[in-house]
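This report goes through a multi-chain model.

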Amino acid sequence: MMLEASSLIVCPVIVPLTAGLLCFLSRRTAFFASLSACLANLVGVCLLLGRSLSGPASYHVGGWQAPLGITLRIDGPSLLMLLMTAVTGLGITLYARGYFSFRIFFPKRIARHERQERFFWPLWMLLLAALNALFLSADIFNWYVTLEMVSVSAAALAALSGKPASQIAAFRYLLVSLLGSLSYLLGVVFVYKVHGVLDLNMLRACAGGGEGMHLALALMSVGLMLKTALFPMHFWLPPAHANALAPVSAILSGLVVKGSFYILFRLWFDVFPTCVSPAALNLVGILGAGAILWGSVQAIRQQRLKLLVAYSTVSQLGYLFIAFPLAYLQNDGLWSAVIFMALAHSCAKSAMFMASGTIFLHFGHDRINDLAGTRKCLPVTAFAYAIAGVNLMGLPPSGGFIAKWLLLSSSLASSRWWWGIVVMVGSLLSSVYVFRVVSRLFVVPEDLPVRQCLPRSPLLEWPALVLALIALLLGLVAPYPLAVLDAGRISLMLSGGGGP
Amino acid sequence: MTNLLYSLGGVLLFTMGFFALIACSHPLRKILAVNVMSTGVFLILVASAYRPESAGNIDPLPHAMVLTGIVVSVSVTALALVLACRVQETSNLAFLKQQRNGSEESGE
Amino acid sequence: MMMSKPGISGRRRFDPFLLLIFLLVLLLTLILARAVCTLPMGGEGLAGEVARFQQQSGVESPVTAVLLNFRGYDTLLEVMVLLLAVIGVWSLATASFVKNSFATSPVQISVVRLLAPLMCLVAAYLVRQGTHLAGGAFQGGAVLGAAGVLLLVTELPWLSVVPSLLLRIGLLLGPLCFLAVAILCMFSGRQLLQYPSGEAGWIVLLIESACAVSIGLTLASLFAGGRPGGDVSDD
């Protein structure tokens, strides 16, 4: 009995998958199975990180080589996404434990809470496995299967709260992600028809292919943008994310949207860079700019905290897309800023949703205007929210700052200053919606009615703070993840730049 | 030639389903529309299994892909149907009102 | 359905928005149709590759070889999608097994008695046949599922009588078996899902049989539309 060292690469898929099946089988051990799976996943990804600094690695599932079998591949971007998923996933698992124990502790509607906890764990573990599989895969049809796995589990999770609003939102979410997957699949069909292979490396080698490939790429991209909620197609995101349970909102906003974005990123920058035209890049950039502005304005207008956070997700996703036209024309690898942004946003947004969920649990509502003096009851949570907000605004030490700085400087350097202006205006708007909440959380008015503080649970408060701090400190350790990205760069064909 | 006919039929099904998905507001119709769309994609996929270059050989890969796709679509359809039923049960009144008003909330 | 019908036909008179969408969809149809007609069919696909390694795959049917050997990883994840659908459905609703107010007719009972074992037999045959002809776990599972649905619609409350744990074990049988085989393959220095050479045949059959049972149960549970009553108390 011996395991080959290269088998470590499948650990992020296999471990949560096993845990998910066990969670469904037995309810009592669900949390401990999930927790140990998350820990094992984190350890596995860290080991992979240590090993992969020398360069990208690939793994042939079933021992079948590329055109026939499915290849898993690990390089800089996929490694960082895996790390992001592992860290955020561990935080969410701990938080969810605190969340459900807190709710079950109060005997109101206990049956509903037990049902939610019962089904949360298997769905969450399988979703984690699906996301990891997505980040590892190097096969366009395997991506489709993982995408479907992600969307089924995400929709089921979104409907878990049982409220009519959340179910309507989940239904719409399911339909939209189904439409996105179908559009993606049609693109895959066209690609297979033209090239006869599904493996990314082989597709990159036979790039080109004329008009058909443009159409295929367009179909895949539109489907993925729909799933990533790019600006005009974002309509489903705020209700689905805002009406779900708090840990679910953190999962959906922090991790799930990154899955489809990662595929899009891979397709445009890695596999089919020759099929991408400058016009398409500019279009995506404009949509991203629209997302930044529209999402921020909507976030400022919201009256409910969770909706505000959800709209801020729409706006933050815009930054990921505005980087497309900038990154493509630059040779110095600005695309690492995109991955970096996704990393920081994932941690910060999960923390923000967790903090909002804790506030909701304690007050029984999340009307922003009635949140004055939250600091008194929940100091750690208020602090976590503020730090996550710092990251969204892009103030100096945070990871968001580094990413926005990279965007800004490259837009000025390439004399495409208009993108830079959008980035700055977006930051200003985001500071408006962050301060709107933070000022209420921290300023305790004189005549604050004495509010009964519920007993605090450390699992509810600390994961959010730790994740927010990670997002904040990401800026200080920025050279390290950028080095990891460089390690994987060998496999990315960006040296040419410039487009066809 | 038959191959092309199937492909065109698939395209037609796909876009018809797409139109119905946008135009119809009833949840059941939307689910059906998505199903029609996926059938269209599978039809194109099956048609692409015929490779004239490979001497009468039929490529088995699209068949396996279609089988995978069908299973996925069955499970998603089941989930969507149950979800739609739950929506109808728990919020019948609110949902109908929303539908009648035709507000943008019920758009997709 | 009936409720919304007058509303729709009332709105159908003329809707410029709808017309615009119709035109756009028409444009999309034309673009796609043109692409389908002009797409170059590059290469021969993977037919040659599959034929080349058919011997090593342990089965004679190329489709089964692709599904369970060459691209077994896809199928592993796809089985999980089915399981996810069941978990999602169970999380949403409790199955309502309506008691029939009048007795089930004797004809119905005898037809079911005749058909159900036959369908199980056909399912087993389909799974067995999948190794060399068309057929396999999904086809067999579908027939099994149809048998389950037949029992459900004749109001034989089998799904609510089976203990929840047993049902869950049945649902997990296929996925767990598949996953266990995949992991066991990794020991002794092979890759994930790399079957020992020469033994692929019976392993594939084992996976297919386990999956067929689970898929049948899954489809029947999906049809029932919710978790059995004993699983978690309702709210």
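## Terms and source

A residue is buried if 20 or more other C-beta atoms lie within 10 Å of its own, exposed if 12 or fewer, and partly exposed in between, with C-beta atoms placed from the backbone. Helices (H or I, at least four residues) and strands (E, at least two) are DSSP runs, numbered from the N terminus.

The model is predicted: local features need pLDDT of at least 70, side-chain atom pairs count only at pLDDT 80 or more, and totals for chains, interfaces and linings use all residues. Residues are numbered from 1 along each chain as its sequence is written, while chains are lettered from A and ligands numbered from 1 in the order in which they are written.

## Helix H6 of chain A

H6(A) is mostly covered, with 30 of its 32 residues buried. The expected span of a helix is 1.5 Å times one less than its number of residues. For the 32 residues of H6(A) that rule gives 46 Å, and the end C-alpha atoms are 46 Å apart, which agrees. Just after H6(A), A:Gly196 has a positive phi of about 75°.

## Chain A overall

Chain A has 19 helices and 2 strands. Of its 500 residues, 65% are buried. The C-alpha trace spans about 70 × 60 × 40 Å along its principal axes. The radius of gyration is taken over C-alpha atoms, and the globule rule is 2.2 Å times the number of residues to the power 0.38. A compact globule of 500 residues would come out near 23 Å; chain A has 22 Å, which agrees.

Two residues are in contact if their C-beta atoms, placed from the backbone, lie within 7 Å. Among contacts in chain A between residues at least 6 apart in sequence, 80% join residues at least 24 apart. A:Arg204 sits in helix H7 (residues 200-205) of chain A. It counts as partly exposed because it has 16 C-beta neighbours inside 10 Å.

## Confidence

pLDDT is the predictor's confidence in each residue, from 0 to 100. Chain A averages 88, and 94% of the residues score at least 70. Confidence in chain A is highest in H5(A), at 96, and lowest in helix H19 (residues 479-487), at a mean of 72. Over residues 490-500 of chain A the pLDDT is below 50; this stretch has 23 contacts in the model beyond near neighbours in sequence.

## Helix H15 of chain A

Helix H15 (residues 379-393) of chain A has 15 residues. From first C-alpha to last, H15(A) reaches 21 Å, close to the 21 Å expected at 1.5 Å a residue. H15(A) is mostly covered: 11 of the 15 residues are buried. Among them are A:Thr381, A:Tyr385, A:Ile387, A:Asn391 and A:Met393.

## Nonpolar core

A nonpolar core is a set of buried Ala, Val, Leu, Ile, Met, Phe, Trp, Tyr and Cys residues joined through C-beta atoms within 7 Å. The largest such core has 302 residues. Those with the most contacts inside it are A:Ala158, A:Ala323, A:Ala351 and B:Leu79. H6(A) gives the most to this core, with 20 residues.

A:Ala158 touches several residues beyond four places away in sequence, including A:Ser166, A:Ala170, A:Tyr173, A:Ala244 and A:Leu252.

## Chain B

Chain B comes to 4 helices and 0 strands. From the N terminus on, its elements run α-α-α-α. Of the 108 residues in chain B, 47% are buried. Among contacts in chain B with a separation of 6 or more, 51% come from residues 24 or more positions apart.

## Interfaces with chain C

On the A–C interface, 51 residues of chain A are in contact with 49 residues of chain C. H4(A) supplies the largest share of the chain A side, 10 residues. By class, where Ala, Val, Leu, Ile, Met, Phe, Trp, Tyr, Cys and Pro count as nonpolar, Asp, Glu, Lys and Arg as charged, and the others, Gly among them, as polar, that side has 31 nonpolar, 12 polar and 8 charged residues.

The contact between chains C and B takes 39 residues from chain C and 38 residues from chain B. Helices H2 (16-38), H3 (47-57), H4 (62-70) and H5 (72-92) of chain C each give two or more residues to the side that touches chain B. H2(C) gives the most, with 10 residues. This side of chain C divides into 27 nonpolar, 8 polar and 4 charged residues.
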